[in-house]
Amino acid sequence: MGLYDLIIEIADHLDPEGIERLKEKIESIPDEEQNEMTLNLIKGFAHNTLPSVITSLDLVDQKGKVDETKYHCFGTLWKLMLDDSKVPPALAEMALTVLGDLLKERNCQPLRKVYLRRCFDNIKKKVSVS
C-alpha cells in the first residue's frame, strides 16, 4: 500500500478538523504538480469523506442552496478541468471523469444541479468545460 492509499484509507476515520486540514493540504498542491497519482488521491479522499445520504439532504437550505464545504475537493476537480488550468489535457479529462463519477453517487444528489448550472454558465460565457 502506498502513501496516497494510506491517506485515502484513513480519511473517513478522521474527525472534522482532521479532514479539513487534510483537505487544505490536498488543495494546496499546485496545478503544475498535479498528476494521475494526485488525482487518484483527490478522488479517493473526496469519495471517502462524502456526507451520508441522510446528511446530504440536510446540506440544502430552504432556498435550495447546497453547503458545498461538506463535499471535499469537488472544487479542485472542477478547477482542474477548466480551460485555464495548468494541467495537461489528458489530466483535465481525467478530472472531468472523476467529478462525473463522484456526482453519480447517491450522496451527491444535492450537488448535481450546482455543477450542471456551472456547466451551463460556462457554455453561456463561451468558456469550455474540458
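Q: Which residue caps the N-terminal end of α3?
A: In this predicted model, the cap is Asn 35, with a side-chain oxygen 2.8 Å from the backbone nitrogen of Met 37.

Q: Which residues of α3 are buried, and what covers them?
A: The buried residues are Thr 38, Leu 39, Leu 41, Ile 42, Gly 44, Phe 45 and Ala 46. Their cover includes α1 (3-11), α2 (16-27), α5 (74-81) and α6 (89-103).

Q: How many residues does the largest nonpolar core have, and which have the most contacts inside it?
A: In soluble globular proteins, nonpolar side chains tend to be buried together. Here the largest nonpolar core has 32 residues, and those with the most contacts inside it are Phe 74, Leu 77, Leu 99, Leu 111 and Tyr 115. Two or more residues come from each of α1, α2, α3, α5, α6 and α7 (109-124). The most is given by α6, with seven residues.

Q: Which residues is Leu 77 in contact with, leaving aside its neighbours within four places in sequence?
A: Leu 77 is in contact with Leu 39, Ile 42, Ala 95, Val 98, Leu 99 and Leu 102. Of these, Leu 39 and Ile 42 are among the buried residues of α3.

Q: Where does Ser 85 lie, and does it count as buried or exposed?
A: Ser 85 lies in the loop between α5 and α6. Buried means under 20% relative accessible area, so Ser 85, at 13% relative accessibility, counts as buried.

Q: What lies around the side chain of Ser 85?
A: A polar atom of this side chain lies 3.1 Å from the backbone oxygen of Leu 80, and a polar atom of the side chain lies 3.3 Å from the backbone nitrogen of Val 87. Not counting residues up to four places away in sequence, Ser 85 touches Asp 31, Lys 79 and Leu 80.

Q: How many aromatic pairs does a search of the whole structure find?
A: The search finds two. In the pair of Tyr 71 and Phe 74, the ring centres are 5.7 Å apart and the planes are at 75 degrees, so the pair is edge-to-face. Both residues, Tyr 71 and Phe 74, are buried.

Q: What sits over the ring of Tyr 115?
A: The charged end of Arg 118 sits over that ring, 4.7 Å from its centre.

Terms used
Residues are numbered from 1 along each chain as its sequence is written. This is a predicted model: local features need pLDDT of at least 70, side-chain atom pairs count only at pLDDT 80 or more; totals for chains, interfaces and linings use all residues. Side-chain values use heavy atoms; hydrogens and water are left out. Buried means under 20% relative accessible area, exposed over 50%, partly exposed in between (1.4 Å probe, protein chains only). Helices (H or I, at least four residues) and strands (E, at least two) are DSSP runs, numbered from the N terminus. Contact means heavy atoms within 4.5 Å. A polar contact is a pair of N or O atoms within 3.5 Å; within protein, one must be able to donate a hydrogen and the other to accept it, and residues adjacent in sequence count only if both atoms are side-chain atoms. A nonpolar core is a set of buried Ala, Val, Leu, Ile, Met, Phe, Trp, Tyr and Cys residues joined through side-chain atoms within 4.5 Å. Rings of Phe, Tyr and Trp (its six-membered ring) pair if their centres lie within 6.5 Å; planes under 30 degrees apart count as stacked, over 60 as edge-to-face and the rest as tilted. A charge sits over a ring if NZ of Lys or CZ of Arg is within 6 Å of the ring centre and within 35 degrees of the ring normal.
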